[in-house]
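Open the model in your viewer and keep the selection panel to hand. The tour goes from stop to stop.

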Amino acid sequence: MPGIVIVGAQWGDEGKGKATDQLGDRVDYCVRYSGGNNAGHTIVVNDEKYVLHLLPSGILNPGVTPVLGNGVVIDLDVLYQELDDLAARGAEVQHPLVSANAHVITEYHKTIDKVTERFLGKAKLGTTGRGVGPAYGDKVNRIGIRIQDLFDESILRRKVEAALEQKNHLLVKVYNRRAIEPDEITDHLLTFADRLRPHVVDASRVINDALDNDKVVLFEGAQAHHLDVDHGTYPYVTSSNPIAAGACVGAGVGPTRIDRVVGIAKAYTTRVGSGPFVTELHDVDGEKLRTIGNEFGATTGRPRRCGWFDALVVEDAVQANAFTDVFLTKLDCLTGWEKIPVCVAYDVNGERHEVLPYSQTDIHHATPVYEFLDGWTEDISKCRTFDELPANTQAYVRRLEELIRCRISGIGVGPGREETISLHDLI
Ligand code: GDP
Ligand code: IMO
Ligand code: MG
């Protein structure tokens, strides 16, 4: 039975939240496997907008069991803020199951994230400032704090002290900040222990049992392929593995458990934060895309950088994640252009590249080679079948399929759950 992974095919904010929520009524478990509250996943149900940062997007579907896998980094203040906010809005949601092996984001991770960015000045990465990178750094350095540590106070105190020993030297001597008191951190973490305890599980076992029992498990990616620490535009990446294979590591399932991998790609391209972006627009078209697409970060509110669809970027994600399907979002936002440029190759110092160059120097020096597809003026937001789309819109979709070498199985024509065209069933 299906294990389905959803992965962003560009640089994030492709509409993964909507796609996850939209599949919700056919899903039993919805698992976040990487990242933390650096994500911002928007869901619109009956004109009500929800933005989830840490909770899995399937949580708004009553039959879905939400899970935070071992690969997630958890800011417990944010977890409970999100749950309380949803309850205050009248949404009936379950507390997610939480992997005992997931790591926590503490105050010192957030502080270090912010001071490091400030110290980098112009070379900053443009992180979300949520402490995600430093928390993963501690995990890999083997000085992280895991969820299960909250249930053994003496171990927790020792671990927090050890984690802060070097950091306090750094904060005081390099960054000229005050030292952080280990007991303050430990006492704060302990305030969550009782509320958290009943929901802490061996998530890997829970998910594998569910798959054994023919349940449908949706692994909801955060961030995106090109923000992956191994496969993205390093160092302008996040500190985890959002790629499809990351679902195996971050949820504790073997690769043979994954039946489908769905890439979510926007019909144009956006990026928040620093890093290369070959089709970025600095003109009126870029402004127009930002306005029509409401391209402002769901987490930080920052204006998103906007540009045309880059087939090399998405094709690269298709092959590295072995997407079985692509869900193309925000096609409605392209209505009204006479011609729509699509990047089909890069020109790097006179040399044509039809696949994404591995060399970031080449990417930095690339100029886009565009194919100009015919646009359309009709409002497509009410279309619910592919045949209802104008001929030029259909041709745009079909040409993208050829360029990215993957079938497009769903199309988003608006932010609402129902504003979707399905070409092939995903479950
Ligand atoms: P995520 O991080 O991948 O979940 O994406 P975000 O929620 O950060 O950003 C996607 C934005 O596009 C949100 O405001 C969504 O409500 C919106 N959205 C998603 N799909 C569509 C679509 O097909 N059409 C339009 N117009 N908006 C969409
Ligand atoms: P969703 O799940 C877009 C970007 C940040 C920055 C880089 C590193 O909503 O698609 P981090 O705080 O992770 O250390 O920042 O990654 N970034 C995202 N960009 N969407 C996201 O999530 C992102 N999560 C991180 O802007 O460039
Ligand atoms: Mg987002």
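**Stop one: aromatic pairs**

Select Y175: at 17% relative accessibility, this residue counts as buried (buried is under 20% relative accessible area, exposed over 50%, partly exposed in between, with a 1.4 Å probe and protein chains only). A word on conventions: this is a predicted model, where local features need pLDDT of at least 70, side-chain atom pairs count only at pLDDT 80 or more, and totals for chains, interfaces and linings use all residues. Residues are numbered from 1 along each chain as its sequence is written, chains are lettered from A and ligands numbered from 1 in the order in which they are written, and side-chain values use heavy atoms, with hydrogens and water left out.

The structure holds six aromatic pairs (rings of Phe, Tyr and Trp, the last by its six-membered ring, with centres within 6.5 Å; planes under 30 degrees apart are stacked, over 60 edge-to-face, the rest tilted). F119 sits in helix α3 (residues 107-120), and Y175 in the loop between α5 (153-174) and α6 (182-190), 56 residues apart. Helices (H or I, at least four residues) and strands (E, at least two) are DSSP runs, numbered from the N terminus. F119 is exposed, at 57% relative accessible area.

Next, select W308 and W337. Their pair is edge-to-face too, 5.4 Å centre to centre with 85° between the planes. W308 is buried at 3% relative accessibility, and W337 is buried at 7%.

**Stop two: ligand 1**

Show ligand 1 and what surrounds it. There are 18 residues around ligand 1, and the closest are G15, K16, G40, T42 and D332 (near means a heavy atom within 4 Å). Check the polar contacts (N or O atoms within 3.5 Å). A backbone N or O atom of G15 lies 2.8 Å from an oxygen atom of ligand 1. For R304, a side-chain N or O atom is 3.1 Å from an oxygen atom of ligand 1. The protein covers 93% of the 590 Å² of accessible area that ligand 1 has on its own (Shrake-Rupley method, 1.4 Å probe).

**Stop three: the magnesium ion**

Select ligand 3, the magnesium ion. Its protein donors are D13 (OD) and G40 (O), lying 2.0 to 2.2 Å from it. Donors are N, O and S atoms within 2.8 Å of the metal (3.2 Å for Na, K and Ca); water is not among the atoms, so sites may look incomplete. G40 is buried, at 11% relative accessible area.

Terms used. Polar contact = N/O pair within 3.5 Å; in protein donor to acceptor, adjacent residues only side chain to side chain.
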